[in-house]
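Work through the exercises below with the model open beside you. Try each task before reading its solution.

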Amino acid sequence: MSSVSAQGISKEYAGALALRPLDLEVGEGEFLTLLGPSGCGKTTTLRLLAGFLTPTQGRILFGGEDVTRLPPQDRRIGMVFQDYALFPHMSVADNIGFGLVEQRRPKAEIADRVAELLQLVRLPGAGGRYPAELSGGQQQRVAVARAVAHSPRLLLMDEPLGALDLKLREAMQQEIRRIQKALNITTVYVTHDQLEAMAMSDRIAIMNHGRMEQIGTASEIYEQPRTRFVADFVGQINLLSAKVGPEGVFVAGQKVRVDRTPEFDFTLGVRPEQMRLLPAGQLAPSDRSVLRGKLVARHFVGNITKISVDLGAETTVTLDCHPNDVIVEVGEAVQVAWLPDKAVTLVD
Ligand SMILES: Nc1ncnc2c1ncn2[C@@H]1O[C@H](COP(=O)(O)OP(=O)(O)OP(=O)(O)O)[C@@H](O)[C@H]1O
Ligand SMILES: [Mg+2]
């Protein structure tokens, strides 16, 4: 049974649909990330799960129990937000133990639990300090410890690392994932950073304009995106407008081999690292998709060289080459080739 099951939930704000009806299943102990651009409905989804909002339609189950009408305090959830929202006038230990004090747990039990959590978030000995005496990353670890102190059945995090600089954010990604695994706590995490989502998640749900476009593991999303939006949002991709006719599929006026031919014109997506560059005269292996063009730019960026090839018909593709492989100069005629099954057919 899923730990969390959202069934056809939608949300309207004053008549405006912010979230289209969606289904979401989160497994026991799973780390699921909601990923998407600003305004796509990530926070709305999280607040529905938390109980701060009531869905316009649909219902939410936790472990089979319908919690749609339960207020947040009765849902056994823990939450972490971008602004750590620690109580500044309370010590770290009191911050972590706050919820347990509210629940009137025995003092000794609270002290034990706080000590255990300080160990877990690698801040032993920091219990007597105040939030202002901690770094941003340390404060966020305290916020995580506070969120899980009462052993919630679901941990919800909304851009918890948004305020940290890149290096610290990367370290904290590992740290949060470690803590989440140690507790085996079902988690729904929100970010608009695709690398963060890929680094942390068991599965990622890609959202756009209040719609859930695709859910899958990082490699499923990256290798088999279904829509243009997903393909473009996660990583880089060449989006080629493909015309379907009686003679086959054409891109930039050139016939090209595809894995399967849809009935109608479509978008063919090919990742830059899947494309190979060939000199104009070289015969490509017969099982490849090949397009002819002219090399118009090359940029050495260290581990790779980024190559742009103009295919004509106002179509340019970008490919990643190993620096030693680029034997063609700007202005020369070239071919780009890829394995047909490495290209994806995308819908809008
Ligand atoms: N209280 C509200 N009243 C009216 N509209 C709202 C309210 N909260 C959010 N919205 C709208 O609902 C949509 C989704 O908002 P939401 O906060 O869920 O987006 P988000 O994905 O979390 O974005 P961000 O990455 O910027 O935090 C947006 O169009 C937003 O303007
Ligand atoms: Mg948000």
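The model is predicted: local features need pLDDT of at least 70, side-chain atom pairs count only at pLDDT 80 or more, and totals for chains, interfaces and linings use all residues. Residues are numbered from 1 along each chain as its sequence is written, while chains are lettered from A and ligands numbered from 1 in the order in which they are written.

**Exercise 1. Describe how the two domains meet.**

Step 1. Take the bounds: domain 1 spans 4-230 and domain 2 spans 236-346. These bounds come from an automatic or database domain assignment.

Step 2. Locate the centres. Over C-alpha atoms, they are 41 Å apart.

Step 3. Look at the contacts (C-beta atoms, placed from the backbone, within 7 Å). Five residues of domain 1 touch five residues of domain 2. On the domain 1 side, one is nonpolar, two are polar and two are charged. Here Ala, Val, Leu, Ile, Met, Phe, Trp, Tyr, Cys and Pro count as nonpolar, Asp, Glu, Lys and Arg as charged, and the others, Gly among them, as polar.

**Exercise 2. Characterise the shell around ligand 1.**

Step 1. List residues whose C-beta atom, placed from the backbone, lies within 6 Å. Among them are Tyr 13, Ala 18, Lys 42, Thr 43, Thr 44 and His 192.

Step 2. Sort by class. The shell has three nonpolar, seven polar and one charged residues.

Step 3. Find the main contributor. Helix α1 (residues 42-50) gives the largest share, three residues. Helices (H or I, at least four residues) and strands (E, at least two) are DSSP runs, numbered from the N terminus.

**Exercise 3. Is Val 121 buried or exposed?**

Step 1. Apply the cut-offs: buried means 20 or more other C-beta atoms within 10 Å, exposed 12 or fewer, partly exposed in between, with C-beta atoms placed from the backbone. Val 121 has 24 such atoms, so it is buried.

Step 2. Name its contacts. Beyond neighbours within four places in sequence, Val 121 touches Arg 141, Val 142, Val 144, Ala 145 and Ile 179.

Methods
Two residues are in contact if their C-beta atoms, placed from the backbone, lie within 7 Å.
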